[in-house]
Amino acid sequence: MAEMQLFLDEVGGWAAGGSGGPAGELASRLGMRTVVLVEGLSDLAAVETLAVRRGRDLAAEGVCVVPMGGAMNVGRYAGLLGRPGLGLRLTGLCDEREHGYYVRGLRRAQASDQDIFVCVSDLEDELIRALGTETVEEVVREEGDFRALRTFLHQPAQQGRSRQQQLRRFLGTKKGRKIRYGTLLVEALDVDAVPTPLEDLFANL
């Protein structure tokens, strides 16, 4: 796990203009074969949590989930990690509105755009629909955030929105909240009710 985090750190430095040598050495040492490109840390948390629930050790399988700090970085990361760079197989999980960035980025890296799994709106929206709003609110209550949620729901901007839309917006209103709930909502899922994009991603790994 420590070496995988080191690899992620090296890839981040490489994408920012540093040397790719250390990342290449670590990829070889770890037996890496597949990279899952995700937009941010909340997606990483959800994928890693589902892997644990499924009893899968992604690192041992040669799979690394790489958060890119936004979908507009996908071309850069795909070029570094895919065929033009380290030669790893590329796949990805993205929001519906960012799909075009992924398609262009993977195609430029000579990778298949059929290995991109798209969330309707975003992953939080998928998880809320899979769980149902009552279950999500119960998770929020158990985390001690229910008072903050009630205050949020009384804001004028939230009036007229569906409860699903309100909950989705609530998860993004505080730094770190989406990351924390990326784990919590996946932990609350029925194993037979995993959102289709996540299910299809895991079947593809």
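**Exercise 1. Count the salt bridges in this predicted model, and say what rule is applied.**

Solution. The count comes to 15 salt bridges. The rule asks for a side-chain nitrogen of Lys or Arg within 4 Å of a carboxyl oxygen of Asp or Glu. Side chains of opposite charge can pair when their charged atoms come close.

**Exercise 2. Which salt bridge does arginine 129 form with aspartate 125, and where do the two residues lie?**

Solution. Step one: check the distance. The closest N and O atoms of arginine 129 and aspartate 125 are 3.3 Å apart. The cut-off is 4 Å, so the pair qualifies.

Step two: place the residues. Both lie in helix H6, which covers residues 123–131. They are four residues apart, about one turn of the helix.

Step three: look at the surface. Buried means under 20% relative accessible area. Aspartate 125 has 7%, so aspartate 125 is buried. Arginine 129 has 40% and is partly exposed.

**Exercise 3. Arginine 129 also meets glutamate 126 in a salt bridge. How many residues apart are they, and is glutamate 126 buried or exposed?**

Solution. Start with the contact: the N to O distance is 3.1 Å. Next, the positions: arginine 129 and glutamate 126 are three residues apart in helix H6. That is about one turn of the helix. Last, the accessibility: glutamate 126 has 7%, so glutamate 126 counts as buried.

**Exercise 4. Find the helices that hold glutamate 137 and arginine 163, and describe their pairing.**

Solution. First, the bond: glutamate 137 forms a salt bridge with arginine 163, with the closest N and O atoms 2.7 Å apart. Then the helices: glutamate 137 is in helix H7 (residues 133–142), and arginine 163 is in helix H9 (residues 163–171). The two residues are 26 residues apart, and the pair links distant parts of the chain. Finally, the surface: glutamate 137 is buried at 16% relative accessibility, while arginine 163 is partly exposed at 35%.

**Exercise 5. Compare the radius of gyration of the protein with that of a compact globule.**

Solution. Take the length first: the protein has 205 residues. A compact globule of that length would have a radius of gyration near 17 Å. The protein has 18 Å, which agrees. The C-alpha atoms fill a box of roughly 50 × 30 × 30 Å along the principal axes. Buried residues make up 47% of the 205 residues.

Technical notes
Residues are numbered from 1 along each chain as its sequence is written. This is a predicted model: local features need pLDDT of at least 70, side-chain atom pairs count only at pLDDT 80 or more; totals for chains, interfaces and linings use all residues. Side-chain values use heavy atoms; hydrogens and water are left out. The radius of gyration is taken over C-alpha atoms; the globule rule is 2.2 Å times the number of residues to the power 0.38. Buried means under 20% relative accessible area, exposed over 50%, partly exposed in between (1.4 Å probe, protein chains only).
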